[in-house]
Amino acid sequence: MTEQKGSLRQIISERMDILLALSAAALRKGDEKYAKRYIYLAKKLSTRYNCRFTKSQRALFCKGCGMPALIGKNTTVRLRKRSKSAEYACACGRVRRFKY
Ligand SMILES: [Zn+2]
């Protein structure tokens, strides 16, 4: 039973990966509506199946506005030496920090 659950989670995680990639591609084409929709679906998968976003997946979108984070387009990255963290600032004003 636990093994089955593990494989399901793996499938969901893969699916979330695909959705995140699709949404980034959509935003690159300038299709904000679809980009947002894909992020929404990925979030929904994560809550429905109790499957957390991995650290690298969390860096790919903004929790505030539900848009994929494209560095150079709607996201700027700054490295903070003092706190040893990378600051991802979204166009909506939300800031995410990741330790390094
Ligand atoms: Zn945002």
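This is a predicted model: local features need pLDDT of at least 70, side-chain atom pairs count only at pLDDT 80 or more; totals for chains, interfaces and linings use all residues.

Mentor: Residues are numbered from 1 along each chain as its sequence is written.

Trainee: In what order do the three strands form the open sheet?

Mentor: Strands are DSSP runs of E, at least two residues, and helices are runs of H or I, at least four, all numbered from the N terminus. Two strands pair if DSSP finds at least two bridges between them. Here the order is S1-S2-S3, with antiparallel pairing. Strands S1 (75-80) and S3 (95-99) are the edges, each pairing on one side only.

Trainee: How many bridges join each pair?

Mentor: S1 and S2 pair over six bridges. Arginine 78 stands opposite glutamate 87 in S2. Alanine 86 has phenylalanine 98 in S3 as its bridge partner.

Trainee: Which residues take a positive phi in the hairpins?

Mentor: Four residues separate S1 from S2, and lysine 84 in that hairpin has a positive phi near 50 degrees. The S2-S3 hairpin also has four residues between its strands, and glycine 93 in the turn has a positive phi of about 105 degrees.

Trainee: Why is alanine 59 classed as partly exposed?

Mentor: A residue is buried with 20 or more other C-beta atoms within 10 Å of its own, exposed with 12 or fewer, and partly exposed in between; C-beta atoms are placed from the backbone. Alanine 59 is partly exposed because it has 16 within 10 Å. Alanine 59 sits in the loop between helix H3 (55-58) and S1.
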